[in-house]
Amino acid sequence: MKPHDHQHDREMMARALSLARRGRGWTSPNPMVGAVLVRNGRLVAEGWHRHWGADHAEVDALRKVDFKADQCDMYVTLEPCVHQGVTPPCVEAIIRAGVRTVHVAMIDPNPLVSGKGVRKLRQAGLGVEVGVLEREARELNEIFVKFITTGRPFVVAKAALSLDGRIATASGDSGQKSGGLSGPEAHRYVHQLRRDLDAILVGAGTVLADDPLLTCRLPGRTRQPLRIVLDGMGRAPLSAHVFDVSAAPTTVATTLQSPKIWRENLIRMGVQVWVYKSGRRRLKTAGEAAIDPHELVAELGQRKIASLLIEGGSKTHAAFMEAGLIDRYDLIFAPRLIGGDGLPLFAGSGARALAEAPTVSRLSTRRLGKDILVRAYPEGAN
């Protein structure tokens, strides 16, 4: 009997994962999924989930063959679904097509699916193998895994820092008016993050200091994140670029301490306004006017916002870090030294003892032109 070619399985799943990545930034709150059909060891069709509401990867691949797939093996990066959502169940389409064996990278963490798709395929007589490139598949859909299992968005903290860990000088100059701390390659990476994640958040201090657009400005077809401004006191001027909703949607999270006329004017301009009770219980950093980040993150989850990018400033970063809400750090270090009383990434007094300081793991680095991206996850994160 000819031994099974596990290397071929990995190659085919790697191809399916590369197809899945084509949906990055378009499928939320659904996962990115890719699928390939193989016949007699040769790839004969491939598909991926292009955007929310479109065919799932398995159906996309099956539509591209004009023969019955009873001699085909399918490689798919996520367990095929069994429930009726915006599109019909993929398991039924696979069974009808007569696929012989299905190789699944990872079980779907969605409670509506988890294990049920594999079980139904096996009950129908199909061979099913699970776990090919599972780690890579899980990393690809880390946002979906967090959102579907907790109902909360995956939170990425992004910052550009000097080599000595400052986000701005003591006067508050972060270089935004002269091109920023980091170079063009890092700027492109940031715009890719804005394209790929559902929402982007800053505090009123950042709006006052930099008047940012907070839009994705990559060439070609793209999408814009929901822009969120934390401004509990109503400090941001109505003329700020972020309040121009013709560029991208904007939400302001505020409190009753902000002027009523300011909130009313924002609503007339098309800005959505969420009003919260004041108070930062258990948090050391006052942040942007006492809006509890736990409440904000919970509301985002209820509104199907699966991912959130924190872009600053130091009080906002500190509030989310202290609350334990950050799932990933993307820190871009530029070859500059600010020194002195330059602004740190996290405001406040910080840890009183080294033993209290949070630790991170799964560190990786990547060159972005002259800058270095350091990606890290809080210790204990999945």
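**Entry 1: Confidence**

pLDDT is the predictor's confidence in each residue, from 0 to 100. I note at the outset that this is a predicted model. I looked up the average for the protein chain and found a pLDDT of 91, with 94% of the residues scoring at least 70. Among the elements of the chain, I recorded the highest mean pLDDT, 98, for helix α9 (residues 260-268). The lowest mean, 90, belongs to strand β14 (residues 343-344).

I then turned to residues 281-287, where pLDDT stays under 50. The model has 18 contacts beyond four places in sequence for this stretch. Where pLDDT is low, the predicted coordinates should not be read in detail.

**Entry 2: Helix α10**

How many of the 10 residues of helix α10 (residues 293-302) are buried? I found seven, so the helix is largely enclosed by the rest of the structure. The buried residues are P293, L296, V297, A298, E299, L300 and G301. At the start of α10, I noted that the backbone nitrogen of H294 has a side-chain oxygen of D292 within 2.9 Å. After the helix comes K304, and I read its phi as positive, near 65°.

**Entry 3: Helices α3 and α4**

I next examined helix α3 (residues 90-97) and helix α4 (residues 116-123), whose axes come within 10 Å and cross at roughly 20°. Angles under 35 degrees count as roughly parallel, and α3 and α4 are therefore roughly parallel to each other. I recorded their crossing as right-handed. On the α3 side I listed V91, E92, I94 and I95, which meet G117, K120 and L121 of α4.

**Entry 4: L218**

Where does L218 lie? I located L218 in the loop between α8 (204-210) and β9 (226-230). Because its relative accessibility is 12%, L218 counts as buried. Not counting residues up to four places away in sequence, L218 touches R188, H191, Q192 and R195. I noted that R188 is 30 residues from L218 along the chain, yet their C-alpha atoms are separated by 7.4 Å.

**Entry 5: T254**

Is T254 buried or exposed? This residue, in strand β10 (residues 250-255), has a relative accessible area of 0% and is therefore buried. I found a polar atom of the T254 side chain 2.7 Å from the backbone oxygen of D231. The T254 side chain also reaches the backbone oxygen of G232, at 3.4 Å.

Key: Residues numbered from 1 in each chain as written. Predicted model: local features only at pLDDT ≥ 70, side-chain atom pairs only at ≥ 80, totals over all residues. Heavy atoms only, no water. Helix = DSSP H or I, 4+ residues; strand = E, 2+ residues; numbered from the N terminus. Contact = heavy atoms within 4.5 Å. Buried < 20%, exposed > 50% of the residue type's maximum accessible area, 1.4 Å probe, protein only. Polar contact = N/O pair within 3.5 Å; in protein donor to acceptor, adjacent residues only side chain to side chain. Axes fitted to C-alpha atoms, helices over the stretch in contact; angles between N-to-C directions. Parallel < 35°, antiparallel > 145°, perpendicular 65-115°, else oblique. Left-handed = near helix turned anticlockwise from the far one by under 90°.
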